[in-house]
Amino acid sequence: MDWNSIFGLSAGELIGASTAAYVLCALGLSMHFGYTGLLNFGQAAFAAIGGYGFSIAHLTLGLSLFPSVGFGLLCSAIFAVLLGIPTLRLRADYLAIVTIAAAQVFKFTVATSGLSWLTGGADGLAGFTDEFYALNPIPDGDINLGVVSLTNRQVWVALVGWVLVALAATLIFFLLRSPWGRVLKGIREDEDAVRALGKNVFSFKMQALVLGGLMASLGGMIFVITSSTIQPATWGTNFTFMIWTVLLLGGAATILGPIVGGMIFFVLLMFTQNLLAGLVEIGWLPFLTISQVGQIRFIFIGLALMLLVIFRPQGIFGNKKETFFNV
Amino acid sequence: MFVPRDKTEVGLSQLAANSRTRAGVILGAIAILFSILFGASPAMAQAHLAASTGFSIGGVISNDGNPVAGVVLSTTLDGKEYKATTDASGQWLINVPKATVYKVTLDVKTLPKGVTLREGTSATKEVDLTTSNDAGLLFPLGANTHTEQSFSDQFLVHLVAGLNLGLVLALAAIGISLIFGTTGLSNFAHGDMVSFGALFAWLFSVALGWPLIVAAIVSIALTALAGWLQDAIIWKPLRKKRVGINQMMIVSIGFSIVFRYLLLIFFDGDTKSFAATGQDFTFGPVIISSTSATSMILCAVALAGVALFLTKTRIGKATRAVSDNPSLAASTGIDVERIIRIVWVFAAALTGLAGILYGLQFQANWLTGFDILLLLFASVTLGGLGTALGAAVGALIIGLVVDLSSLVLPTDMNYASALVVLILVLLIRPQGVLGKKQRIG
C-alpha cells in the first residue's frame, strides 16, 4: 500500500479548492439554518445557479469574468426571492420539502434536452475557465508542499476559494454582532416574540436566505471552475446532504464550524476511501471490490449524519444552547 | 390501594424478560435479513465477475419489439474512441477501461430508414460507472408513424397511465402519511423501502425463479419486517429520547443514504426488469398490459382496504386518534407505542407492495424509490399532511400531472412539473387539498 499517496491525497483535500467550495456552501447554510433556523434542503440549487449563471453569462452572453460572476450572483438572488415568497411563511418541515423540490426542479430543468442550446442539457457546459486562469499570478510549474504537489492552476483556484471563505466568514462574524444579526437569532429562538417587537420576520428571513444563497453560489462557481465543467448530475440531493453533514459536523451556529467541519469531513472521506481501496488491493478485504469502496464512503456519510444529529447536534464547536432544530 | 409487593416484582421481572425476548427477536430478525442479503445476493457474484472483466456499458436496441442490427454506438475517453455495433439480437456492449462518467452516442445515421429515436430521447446519453462495473443504457426507438395519434387519443392514453402511476404512488404515500400522522416524522428513507420491495421481488422471482405471487408475498413480509426493525432500532429510542421532529427528519436523511447504498452494494447499480407476462387489453386507443391492469385493481382494493381499516376497525380508529392528538389518545387508554409499531409495519407493507407494482411495470434499481420520494412527499403535502385519504387523493393528482404533462412538455420534465404543482398548491392553499387549516403551523 502506498501510504505516501494516501496521506498526500488526504492532505490535498485539506486545502483543496473543492473543499473551499463546499465550505462556502456550508457557510451559506449556516446563515439559513444555524442563525435563522430555516431548514433549507435546496442548497445544491443555489450552488448550481451560481455555477450555471456564471458559465452561461460567459459562454452565451459573452460577458467577461467579473460581470459573469455578478450575473451568477444576480440569478441566485432572484431565485432566493422567488423561492422565499411562497416558502418562508411555511412551517419548518414544509419548507424543507419545498426547498428540496425546488432544487430538483432546477436540476431537471437544466438537464432537459429542450434547453440544451443554453445549458448543454445532460452533458453540461465546459470551456468557461480560460479568463479565470489568465489572471493567475502564480508562475507555471508544480508547487510542492511536502506530502502533496499541486499545479499552479490548482493553487490559484484554491487560493481564490479560501480567500472567499475568509471574506464570507468575516462578513458573518460582523453581521452576527450587529442588531441585524440579533434579530436573526431572535427569529431562530422565538419567531412570535420577534414579531411582537414589531420586526418584519418575513423580510429578515428573506435577507438571510438571499445572503446565504449568494455564498453558496460563490461556492458553486469555485466548484465548477475546479472541475472545469458543469453538469446537472452534480447538483443532486447528495450535494445538499454533504453540505448538511459538513455544517452539522462543525457546528451549525458557529463561524469556524463549517470551515473546520469541511476540512475534517473531506480529509476523512479521502483518507477512508484510499485506505479501503489500498486494503482491497492487497487483498485484506476480499468481500469488496474497488468500485464498492466508493459506495461504502456514502454509507459512512449517512452514518455520520445520523450519529451527529442524535448524539452531538451542536457539532464539534457548537454550544448546546444554540441548536434549535424545532423552530 | 394495597399492592402485594411480590406481585410488583413479578411484574417487573416479567417486563425485563419481555424486553430481553424483544431484543432477541430484533437480533434474530436482523440475522434473517442479513442471511438473506449475504446468502443469496446476486450482486456479489456479479461484482466478482465484473471485477475480472473491467467495466462495460450495454443495452438492447429494438424497434416495436424487433431487434435492430447494425446500429453503431460509441463513447470516448481521454481521446480514445470505444465503439460497438448491435448484433442480430439488437444487443450491444462497449468495454471501457475505468470507472468514470461516460457519454454514449448513438449514431443516428446507422438506424434503418424510417426509424428514429423516440421523441424526447437524446442521441447522446450519460452513464455513470463510478458506482457499478456495468450499466445498461436504453435508446428507445419509435417509428415515425407512432406519433400520429390524435390529441384526444393521446390524452386518454396518458390519463390511464397517470391513473395507474397515481394508484401505485398512493399506496406508498399513505405509508408516509400514516407515519407522519402518528409520529410527526417526515421519513426521507421511505422511498428506499419502495426500492427494497421491488429489488427483493426481483431477486426472488427473476434471479431465484420463484413464482411471482410467492416472491411478492415474501418481499412484502420482508419490507414489513424492515419497517418494524427501523422503528424498533432507530425511531422508538429517538422518541424516548424526545428528539425533535426536524432532528429526526435529518436522521432519516442519513438513514436513507445508508439504506440506499446498502441496496446498491447488494444489488448492484443496474436496472432490473421483470419478465412481461400475459397479454394486453385494448380499449380504443388505450392499451393496458395485464400487469398494469392487475396493478390497478390490486391498488384499488388495497386503498379500499386501508380506508375500511382506518374507519371501521378498532386499531384503525386508534390510529386516527393518535394522529389527531397522541396525549389525548394515550389518556383514553390507547397504547400509543403499540399503535405506532403497527403503523410502521402496516405502512412498510403497503410501501413494499407499491415497490413491487412499480418495479413490475416500470423496472427498478437502487435509486427508484429515492427518485419517486419527492413525488410521494408532494402527494402527502398536496392532500394535506397527516390525512391518509388526502395522501391518496394527492397521489392520484401527482400521477395524473406527471403523465399528462408529457402532452405539452418534454418527457424529461414530467417529474419537475409535478413538483411545480406542489409548490403552486402550497402557495395558494398551504393546508393541502383535503387538509384542515388548523393542521398547518
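1. Helix α12 (residues 237-250) of chain A and helix α6 (residues 245-267) of chain B have axes that come within 11 Å and cross at roughly 125°. Axes are lines fitted to C-alpha atoms, for helices over the stretch in contact, and angles run from 0 to 180 degrees between N-to-C directions. α12(A) is therefore oblique to α6(B); angles under 35 degrees count as roughly parallel, over 145 as roughly antiparallel, 65 to 115 as roughly perpendicular and the rest as oblique. Helices (H or I, at least four residues) are DSSP runs, numbered from the N terminus.

2. The model is predicted: local features need pLDDT of at least 70, side-chain atom pairs count only at pLDDT 80 or more, and totals for chains, interfaces and linings use all residues. Residues are numbered from 1 along each chain as its sequence is written, chains are lettered from A and ligands numbered from 1 in the order in which they are written, and side-chain values use heavy atoms, with hydrogens and water left out.

3. The crossing of α12(A) and α6(B) is left-handed (the near helix is turned anticlockwise from the far one by less than a right angle). On the α12(A) side, the contact (heavy atoms within 4.5 Å) is made by N238(A), F241(A), W244(A) and L248(A); α6(B) contributes I250(B), I253(B), I257(B), R260(B) and Y261(B).

4. α12(A) also packs against helix α14 (residues 290-311) of chain A, with axes that come within 10 Å and cross at roughly 45°. The two helices are therefore oblique to each other, and their crossing is left-handed. Residues N238(A), M242(A), W244(A), T245(A), L248(A) and L249(A) of α12(A) meet F298(A), I301(A), A304(A), L305(A), L308(A) and V309(A) of α14(A).

5. Within chain B, the axes of helix α8 (residues 314-324) and helix α10 (residues 336-362) come within 10 Å and cross at roughly 105°. This makes α8(B) roughly perpendicular to α10(B). I315(B), A318(B), T319(B) and V322(B) in α8(B) meet V336(B), R338(B), I339(B), I342(B) and V343(B) in α10(B).

6. Helix α5 (residues 212-240) of chain B has 29 residues, which at 1.5 Å a residue should span 42 Å; its end C-alpha atoms are 40 Å apart, which agrees. The expected span is 1.5 Å times one less than the number of residues. α5(B) has a kink of about 40° centred on D231(B), the bend being the angle between axes fitted to the seven residues ending there and the seven starting there. Just after α5(B), R242(B) takes a positive phi of about 60°.
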